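Please read these notes with the sequence and the model open side by side. Each point can be checked by selecting the residues it names.

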Amino acid sequence: MSDTNMTYGDPSATPAYKMAGADVVKGAFKLLDTRPPGMDGAKGTAWLAQGAKGTTVTVSLTGLKPGHHYMAHLHAQHCSAAGGGEHFQFTKGGPAKPPNEVWLTFTSDKTGKGTTTVNNAKKTGKGALALVVHPMEAMDNRIACADFDF
Ligand SMILES: [Cu+2]
């Protein structure tokens, strides 16, 4: 799937928690049992802002494997439901990729820290309940999940 080779998000974009006038919710990442070995120290926060610019999502994690590629998606269920369930889609049954889904890609630095921010012109409402982080090389693995505090 060539779409997984693309970059989604910009680490230097205005983060969701600084979006003026937007409604912002956040969640702390919890480790999932499906995480690969070496990920026990991963922790961080996800933010979801909705406002005039649509939806802005920011992910920030530490304790990742240094210099590795990661992908995060908005998911449609809470972390307690099979680690976030299916991907959130603006149009259910539509294309399984952006802009119908919200994806973020990022690479951890040499200290194991990774962050990025992505925008989507539409608002998720309360349809996207969690952000799930995967290792890019093993997208079936779910490392950690953050429930948004709507
Ligand atoms: Cu996902």
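1. The copper ion is held by three histidines: His73 through ND1, His75 through NE2 and His134 through NE2, at 2.0 to 2.1 Å. Keep in mind that this is a predicted model.

2. Along the sequence, the donors of the copper ion follow the spacing H-x1-H-x58-H. Histidine 73 lies in strand E4 (residues 69–75) and histidine 134 in strand E7 (residues 130–135), so this pair, 61 residues apart, links distant parts of the chain.

3. Are histidine 73 and histidine 134 buried or exposed? Histidine 73 has a relative accessible area of 2%, and histidine 134 also has 2%. Buried means under 20%, so histidine 73 and histidine 134 are both buried.

4. The count of salt bridges is two. One of them joins the side chains of lysine 30 and aspartate 147, with an N to O distance of 3.3 Å. This pair links distant parts of the chain: lysine 30 is in strand E1 (residues 23–31) and aspartate 147 is in strand E8 (residues 144–147), 117 residues apart. Lysine 30 is partly exposed, at 45% relative accessible area.

5. Arginine 35 and aspartate 40 also form a salt bridge through their side chains, at 2.8 Å from N to O. Arginine 35 is partly exposed at 25% relative accessibility, whereas aspartate 40 is exposed, with a relative accessible area of 55%.

6. There is one cavity of 30 Å³ or more, and the volume of the largest cavity is about 30 Å³. Its lining includes Pro36, Met39, His68 and Glu137. By type, the lining residues are four nonpolar, two polar and two charged.

Note on methods. Residues are numbered from 1 along each chain as its sequence is written. This is a predicted model: local features need pLDDT of at least 70, side-chain atom pairs count only at pLDDT 80 or more; totals for chains, interfaces and linings use all residues. Side-chain values use heavy atoms; hydrogens and water are left out. On a 1 Å grid over the protein atoms alone, a cavity is a set of points where a 1.4 Å probe fits but cannot get out, and a pocket is an open set with protein on both sides within 12 Å along at least five of seven lines; lining residues have an atom within 4 Å of a point. Grid points are joined across faces, edges and corners, and a volume is the space filled by probe spheres set on the points. Ala, Val, Leu, Ile, Met, Phe, Trp, Tyr, Cys and Pro count as nonpolar, Asp, Glu, Lys and Arg as charged, and the others, Gly among them, as polar. Donors are N, O and S atoms within 2.8 Å of the metal (3.2 Å for Na, K and Ca); water is not among the atoms, so sites may look incomplete. Helices (H or I, at least four residues) and strands (E, at least two) are DSSP runs, numbered from the N terminus. Buried means under 20% relative accessible area, exposed over 50%, partly exposed in between (1.4 Å probe, protein chains only). A salt bridge is a side-chain nitrogen of Lys or Arg within 4 Å of a carboxyl oxygen of Asp or Glu.
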